[in-house]
Structures are given as structure tokens and as C-alpha cells.
Amino acid sequence: MATGLYPQTKVLSKNFDVPNAHTLAVARPRGAYQSLEKALRTMTPAQVTEEVKKSRLRGRGGAGFPTGMKWSFVAKNTGKPTYLVMNADESEPGAFKDRYLMERDPHLVVEGALVSAYAIEASAVFIYVRGEYPNSIRRLEGAIAEARAAGLVGKDILGTKFSCEVWVHPGAGAYICGEETGLLESLEGKRGHPRIKPPFPAVEGVFRCPTIINNVETLSHVPWIVAHGGEAFAKQGIPPDPANPRSNGSTGTKLMGVSGQVRNPGLWEFEPGITLRELVYGYGGGPLPGRKIKAVIPGGISMPVLLDSELDVKMGFDELVKVGSGLGTGTAIVMDDTCDMVEACVNIAHFFGHESCGQCTPCREGCHWMEKVFRRVADGDGQPGDLDLLESLFKGIEGRTICFLADAAVWPVRSIVRKFRGEFLAKMTPAPTPAGA
Amino acid sequence: MPKITIDGRVLEFAPGQTIIQVAQANGIEIPHYCYHPGLSVAGNCRICMVEVEKTPKPQIACYVQATDGMVVHTKSAQATEARAGVMEMLLVNHPLDCPICDQAGECKLQDYAFDFGHPTTRTPVEKTHLPKNVPFGAKIVYDGERCIKCTRCVRFTDEITQTHELSMGARGDKEMVIMTSKGEFTTPYAMNIIDLCPVGALTSKDFRFESRVWFMDFTESVCTGCARGCNVTVGARGGRVLRMTPRENQDVNRWWMCDAGRLGYGHANAPTRLTTPRVRTSARAGEFAEVGWEDAIDAAVEALRDAARGGVLADAGATLEELFLLKAVAGRGDLKYASRVGQDEDGFLIVNEKGANQRGAEALGFARAAAPAPAALLFVERGDAVPKALRDGADPVVAFVTDGADVPPTARVVFPLPTWAERDGLLANVDGIVQPIRRCRAAGPRDLRAPLEVLEEIRLGLDAAATPWTHADVVAAVRGAVAPAGLAVPEVEFAPAAPRTVAAPASRTR
Amino acid sequence: MTPPAVSPPPTGGDPRPREPRDANQPPARGTRGGGYAEAAGAPAGVAPASGPAKAATAAGAAAAATAPRKTPAPAVVPPTPVPFPPDDLKAACEALIARYPQRAAALIPILHLAQKRFDGWISPEVEAGVAQYLGVSDQHVRGVVTFYTMFNTKPVGRHHVQVCRTLSCWLRGAGELTRCLERKTGLRPGQTDEARRFTVSEVECLGLCEVAPALFVNEDAHVNVTPEGLEKLLDGLK
């Protein structure tokens, strides 16, 4: 990579290019399981949680919820086992970061799971890996087997009183199982229908036991936090806004990726602070020859798009919200000037319609309805009221369902309809008088 | 007690109650499809969304618990708009086949569309197609396109019967209810899912295409298929019972009834039913002449006066009042009842004792007929309740029977007996709960007279000094008579006896 | 009326009854039709305004319940469950079940094993076998199989080509790949050729966005696929 770019900080990705880093023989001399050892021998579970709280680590699955706070919700003294579930159902289109972790450094993932399980006093970890990641499943299972043989997984880990099993549970093709309660249902062998909350999983999760669910990347940060302390982590990246006591900033490092219509799609690791423009133009290599970038979704398909003129925003949780989008999974999708934005809406709406679990009326019926309207506009059969119809569909779908899939279905297409209204009107002949929003 | 404000009304509630429960308890209607008080909360239909102050998004009233100081609006702009949106979504792929749908007229989709649907359609032309006319066992038909995926039926077989014959299949807008590949329900309560279905997705094969519901006459009554006494609504038209559906009674049957009871109305529509009184015309058994009611009553009085014996053999489906009058007329002899006893008691609703008023008969001093014995009066609504051997052995003087096949050949006078659907009266169920059955105006053959009236006239004929009794008098007397047995007869208003004529089917051109 | 207070009937008790009634119903797959298919499904003239169509003899409730009077359903034999697990999967299945506090939780991993073992798809017989083994109802298994896209409910070809159609791949030419597949194999998404050489599917995001467009042939990922590359790939699949 060319110099002068925003610097990479390789914490999670330090072993990505090391040959055979997925084996214990290579990973352990490079530091794997040292944090586990430190935590088990020198720290109480509460101290681990405290360090994670201090680190201001926020969930890397898309929602950005503070991890330490989530852990503190876990119901204690219930007489039931506590479970840790690692959400590796990375089905957000545009996201592929967890796959790198699982395939290239599975021992980091397992160590992160174990240290976190120790912190919440879980007796078992289920790593729910999407079925479309057979290599990730193989690598993780291999790593777990090696770790078990080395006394790092199972009973009396490292000779301490801490016992914890780690199991890989494969999904089978359902985006909704990335939603944490949909995932829990799936883990119980059922259809991935999200549950109504409350109760929240920390109180009643999988098998009706207290359960904490975290993303792969989130938990992979925990070994570093244990090794270097929460405060060191909190010093990296974007600090909390001092003017806002509820702000948590975007601390530590973050895997960020670019896919779509750029020269150099890929995955890198940065302390948050890099702008979306540097990510797309610098690391992503900018537009394909002879083209211009038209729109970028900053974090997986379910975030609103930003125009080329809006890319000078820092890749941070709060910074992207301020410009009407979101960090999501931190993996951007780039659309250039050859992309037909109406067809892009058809594509996106089809995805959400296909992945809607079918439970709630607005999502089940609304996503396909949106797709059908986009389809007819794309086919030149758009009707004068269609944009107003779409706006009212967005309103009727967003915030009206059990889980957030419906909201995610609305955000990207609504932003496209609003930002590329002209493209829609151009397909309607005769062009109707613009009305509504 | 904590208080919640719904639509400006300050209401007290018990902690744990949901918004919809508080609303319903106070007569505030919040539309709902997937919510049913007897089932777990699914929260998926989203039609019950209401506005809760200090909450940005509309909330589902079926799941959100009331909290002290909560302020809810069910008719605000936000709530109305949310509901209308869901309503429109539900109709996106719903077929507009109301003209041939059995549910039409009692369909919550129609009702709510009428209340707050969009006046015009904005839906795309092509609807999603799903399997239709799918048999769910021998008695139920499923239509995947009409289905709104509320999962009430699935939850019923999972939670109430725990027989797990239904699940949801596929996903997204292709989602639908699927049934076990065994093809039949093992639960005897399966047809409750038809009533649970808020739309016309689950229909009864028995009732399909029989009648538009608005042409039918509905009467609140009690099922007499067994001694449970499930509360029902009897739907009839043109002299025929067309349907029975359960009615909520938390002390008896909650919201449910069994399939056998639901379908056990066949004898009311039998073509072999007796419709006119008969008097035997010769010494030879089985030779009868049809006569008018007054002539038959006179003949009965004469025959009973002639007969040297008394005694009653009654179907345990006879009401308390009927049994009381049978006893008054022929109480000199043995009082016996007969009923069918099954072997299918299941700890839920079905009980082995099939006599709907067996407890009442016992309370009035009737004993189970163990062996054939003579009786002056025979009272048989269901032929299988009183076995032929007992009927023959009774060799009655006067008989009340429903079906021509059950006419005792040696009786002197035979009165056609209206079925339970056509009579007013009280039954004591297996737990001693006394409940009314009610005359359904549109059921049964024309011009049948209530056995209670006939028996009263016979009683007066036999004893010129007797004081005439009204139905209310009989009920009062029964109340005293059964009290020692622990039966409490409630205050019940019955419609005044009227000349029996069958209500003509409502005009088709209306 | 208000009946005297008595203890209500047990709820959610176990009314699990006796033997099943006549199991003669076809599975829950209906005929697709327009809005009026149902009317056509009703035999004409079943309901005369009066008469014996609805009449039953006074044989009583039980008889009426067991003798539906309309539309006698054709006899259908439920699928015969395959013996499950087969010997070669026994150890793997038992190890999976041991991971979870509830037996049924092993359903999805076991279905993956079953699909690989039984010809690449989950037949009704396999469904029934797995259901029996895990102690769940067969339609629950069907509900799960039809929820997750990776389970095939129809036989598939030896080479199941699954082209990602979601945004990143679409932006990089996934549509070209689908058209190329149709040209080469004559198959549209969802179809399998008669010889069961290929099944072609369009799938949602495979998580190979940075190397788009991507596709799977069975479990093998192929990335940065061009139409020319795809043609060569297909030629190599026998």
C-alpha cells in the first residue's frame, strides 16, 4: 500500500498473512492464549469485565452496543448455566471480516471466546457460524480440537478451576439468524424467528438460560484488552465526545473493508478515524478505470447510502450516524456511475424480501411489495404515484416489527430513493410531476 | 392499584396485565389477529399497535405490559396510521374471494378493513400464490393464500393439545402452515383451529359452502355430546343445524370444544325425524295414526290414567325441568335414566359420561337403568343413549322420541321430541355446574311442541286440582329439589314459549 | 349465567389421545390456483337446500365425528422414515446431540450430515427419520428444512452451482454469470438437468464480497469469476 495513507494498526489482523497461523503450533508462539492464561491466573471474572468496560469496546456486529455493559446485564444466581454465544452468522451483504478472523486466526477467536466466557462465568460457548462458511467451520473446529488437546478448552482449563466447552454450530442459510434472538432460536434447532423482547437474552436466552451474544470481531478484541488493559484500548481510535456523557466513541481498532465497484476490494484494520473517502479511494483504490463513484454504503447493505460528496466522514459509530448513515459492520459497498440505482433498489429489496422470516406482517408483505414497485419502475412501468407509494411503504415497514430486519430493509432503499430521485423519475414516462418528499 | 390511561380513561390494572388485557376488561376494543387470551403471545400480526406516550415507535398492545402512569392512545394519528398500514399489508397478497369464503361475514380481516382500511387499492397486480384447498386431516381445509400467518393454529396444537401436528413452513411471503405428513390430527380437538383462525384460511369441511353466516340464526347453548357441557353457539338455518362452535366459559370449557361434540348434531337434521304425534290405532304393535297435538295429549292422559303403572325411563340428555315433570307425571314408579358411557375421557374436556344431565338426573332421584324394567314414560333424544333392550323392556305407555326409528311399537301415544337445539332448559354438567340450553328458532321441524308444555298439559289432565305451572315455577321447584345434591340453579331467563313455527330462511335478495 | 365456582378443567393437560384416526390425507401441498380455485375444489351439489346430505342417523356424536360427509380425501401413505442415523453417522450424530442440553437443538447440524449422506437433499423419508431420531414432529423438521436455504427439498445435480446475486457480486457482474450458466447448461435458477449433472441456483450473499463475483460449486468457493472462467469451470465438471 502506498505511503501517506492513514496508517493501518494490525491487532486483530496481525496473523492474517502469517503462514499456518491457524495452527496452534504457529499461533501459540505468537502469543495465542497468553491472555487466557493471564485472566485465569491473575484476574477475577469481574476484573475482566471491568477492563472491557474501561476499554469502551462497542459491538462490531453492527449495532455498536457497549460490550462491557451488555455483559453486566447477565442474570446471576439463576441456578441455570450461563451461555456465551458468538455470533459468526456473518450474513450482512458486504461483510466478510469475521470470515478472515475465523479462517486466518481461529485461535484468536477461540481465545476471545474463552476469556469472555470466563468474564461472564459461562459454562459453554456456542459459535454460530453461517453455513455458507465451510472453511471457517473447518478451521474453527480444527482450532478447538487443538486447543482441547492442549488443555485450553474443556475441563479445568490450564489447570485452573475454570471449565468451558466451545462448540461450533453451523447455520444453514438465513440472514435473520444474525439477529441475536433469531440466532438463539436457530441454535435450539428451530426456524430463525426472532423473539419478542423482553426478556432479553442476558436474562433468558438460549435454552431459557442467561445468554450473552457477541460478534466474532468484538470478542476477538478481548484478549488484547486483557493483555494491555482497557485504558490502553480506549486510547486508540476516536475518543468519546466530552460534550456528550453518553458517548462511547469508537475505540480500539476496527476491521474495515471495501467491496463493489472499486479497483482494490479488500480488508484492512485501522484505529477509527480514517475517513470513508480514504478507505474507498486510498485503500480501495478508487473507482474502476474511467468510472466515477456515485454512492457508498458504509457498513454492509443495511445502512443508508452516502454520495461521493459525503465521503469525508470518519469511520466511527457516532460520526456516521451524524451524517444519516451508520458504521454497521464497517465494510463499505461502492457503486459507480454505471450502476442503475433503481436496479440496485430491486436487488436490495429482493434480498430483504428473500430473507424476511415471515413472522411480522409489515416485513413479510412489505419487503416484496417494495421489490415489486421498484421492479416496475426499473422496467419503465412506473406509475406517477409510485415514489409517494414507496415513501408510505417505508413508513409502514420501519419500526413496526419484532426485529430490525424491516428497518434495515428500509434504510438503504429509502436513502437511494431520496438521493437519486431523478433516476427514478427519468424511468417514468411521461415523467410525473414531483410530489411529496 | 396502579393506573394506566387509555384513550383518556384512567383505569386500574393488576401488575402483569398487558395493555390489551386492560383495554378489553374495560370495554375498549383493540383490534388483534394473532393475540388470543388462551394462547401464548406471538406479537406477529402487528395490528394491535397503539401509541404509548414517551415511546417513539407504536407498541403492540398484546405484549407490552401496563405500567403505572402509562398513557396509551388507541385512536391517535400514530396508532390509526400504523393499523391502517398493517391492514393494507395484510391485503397485499390476500385473495379477494370473500364472495365464496365461508368466513365472510364473521371475518376479522373484513371487519378491520371496513373499520380502518384504505378505501382504494395500491397493491401490485400480481399476488403471491400459495397452496390452496389443502386438506388438514379429514375435517379441515387450509388455504395458504387467505392465511395471515398469525400462528394461532400452530400454537393451539403446540400449547393446548400438545400434539404438535402443525408448524410454519417456508419463510418470508411464502410462509404457510404445514401439517404432519401423517395427514391426520391425533388430537380430538383439532377443529378448534377453525374458530381460532381469524380469517377464512381454515375452514370446516362439514360447514364449507353450507350457508352464508348472515342467513343463519345463532343461539347460545350448551353441547350435549357429553357431560362436560361445553358452551356453544348453535348456528341453524331453514330447520337445520349447520354448525356448532365453542363459546368461552372459563369454568367449563375455556374457549374450546371437542370435534365429536362439534359434529354431534346429526340427529337434529335426520330425515327420519318424527314430526307429528302418533296414537296407536289397534292392538297390533306398531300401527299408529298421526294426530294433532291436543288429541295426542288427551290420548296420553287417558292412556296413563288407564295404565296401572308409573315409572320413567329418560335419556340423561333430558333437562332438569323435563325430568322434574316426568317425575311429576309418572313418579309413582321407578325413575331411571340411561346414557352412553364412553372410554375416551382425557383429563381435558371429554368425559366418559355422555349423559349431558346425568348429574341432574341423579340429583332429582333418578337412578341409572341397569336392566330392562317397565316404565310408563319413555323419553329418548339420542337413540344410542338408551339402548334398544332398555327401551323394549320399558314397554312405555307414552313416549317422547326424536327419531322415527326409535318409536316403541307398543306405546299408546308417541310425541315427537325436539332435540336439544330446539328446547329450553337446564343441564347439570359433570362438575355440577347448571347451565341453560336454548331453543334455536331456525332449527328443527315445524310446529314441534316443547315436551315441557306437553308434560304440563298431561299433568293438568291427570289431576284436575293441580295448579298450572309456568316454566319459571318449574325452575323454582327444581332449584329446591336439587339443592340438597349440591346443585345450584342459576337465575336464567328463557324466551317466553311461543307457537312453534320455523323461521323462514332469511331472504336471499336482501 | 354465572355457574358456581368450580375448579376449571385442567388446561394444557395432556389430552394426547388414543390411536390416530384414518391417516388418509395427502401431505400439506395443495394445488396452486387463482382466487377461485377453492370453489372449483368443492364438489358440485354437495349441499342441497334440504335433504340427507347433512343428515346423519341418530348414531350419535362419535359416528358423526368420524364420518365426514363431504369430499372424501384420497388415501395417502405417509412417508416411511429412513432408518436414522445410519451406522456410519451414528457416532457423529450422538456426539452432536451431546453438545446441547436439548436433543432437538442438534437438528440443523444433523440435517447437514443427512443431506450429505442421502444424495444431497432432504427427502420426506429423511425428514421423518430425523424427526423420529430427535423426538420432534416431522413437520417441524420440514419447517426447518424449508426455512434455511441450504437445505434442498428436491434432488439436486452432482454439481450444485450457486451464484451469489447480492449487491457486491451483482455490482461486479453476477448477472452475467447467471446468463452464462443458462447458455451453457440450459438451466435457469432453481432447475436441475435430467441427468442430474447440474443444479443452478441464485443465492444471497456468500460473504465473498471482496472477491466478487463469487459462486459455490457444492461446497467449493470460486471467486473473481468471469464468464470465460465459468465456462471452463463447467466444462471440467462431469
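Visitor: Start with chain C. Of its contacts between residues at least 6 apart in sequence, what share join residues at least 24 apart?
Guide: The share is 61%. Keep in mind that this is a predicted model.

Visitor: How many helices and strands does chain C have?
Guide: Chain C has nine helices and four strands. Along the sequence they follow the pattern α-α-α-α-α-α-β-α-α-β-β-β-α.

Visitor: And what percentage of chain C is buried?
Guide: Of the 238 residues in chain C, 41% are buried.

Visitor: Now chain B. What is its mean pLDDT?
Guide: The mean for chain B is 93, and 97% of its residues reach 70 or more.

Visitor: Where in chain B does pLDDT stay under 50?
Guide: Over residues 499–510. The model has 15 contacts beyond four places in sequence for that stretch of chain B. Where pLDDT is low, the predicted coordinates should not be read in detail.

Visitor: OK. Which domains is chain B divided into?
Guide: Domain 1 covers 3–92, domain 2 covers 127–269 and domain 3 covers 278–485. The centres of domain 1 and domain 3 of chain B, taken over C-alpha atoms, are 51 Å apart.

Visitor: Let's zoom in on strand 17 of chain B. Are its faces covered or open, and which residues tell you?
Guide: Both faces of strand 17 (residues 335–338) are covered. Leu335(B) and Tyr337(B) are buried on one side, and Lys336(B) and Ala338(B) are buried on the other.

Visitor: Which strands does strand 17 pair with?
Guide: Strand 16 (residues 312–315) of chain B is one of them: the two run parallel and are joined by four bridges. Strand 18 (residues 367–368) of chain B also pairs with strand 17 in the parallel sense, over two bridges.

Visitor: Where does Ala316(B) lie?
Guide: Ala316(B) is in the loop between strand 16 and helix 8 of chain B.

Visitor: Why does Ala316(B) count as buried?
Guide: Because Ala316(B) has 31 C-beta neighbours inside 10 Å, and 20 or more is enough to count as buried.

Visitor: Which residues is Ala316(B) in contact with, leaving aside neighbours within four places in sequence?
Guide: Among them are Tyr337(B) and Ala338(B), which belong to strand 17. The list also includes Gly355(B), Asn357(B) and Ala385(B).

Visitor: Change of topic. How many residues of chain B are in contact with chain A?
Guide: 24 residues of chain B are in contact with 24 residues of chain A. Helix 2 (residues 77–92) of chain B gives the most to the chain B side, with six residues. That side divides into 11 nonpolar, six polar and seven charged residues.

Visitor: Last one, chain A. In what order do the five strands of its open sheet come?
Guide: The order is 8-7-11-9-10, and the pairing is mixed. The edge strands are strand 8 (266–270) and strand 10 (306–307) of chain A, each pairing on one side only. Strand 7 (residues 254–260) and strand 8 of chain A pair in the antiparallel sense over five bridges, and Lys254(A) stands opposite Phe270(A) in strand 8.

Definitions and conventions
Residues numbered from 1 in each chain as written. Chains lettered and ligands numbered in written order. Predicted model: local features only at pLDDT ≥ 70, side-chain atom pairs only at ≥ 80, totals over all residues. Contact = placed C-beta atoms within 7 Å. Nonpolar A, V, L, I, M, F, W, Y, C, P; charged D, E, K, R; others polar. Domains from an automatic or database assignment. Buried ≥ 20, exposed ≤ 12 C-beta atoms within 10 Å, placed from the backbone. Pairing = 2+ DSSP bridges. pLDDT = per-residue confidence, 0-100.
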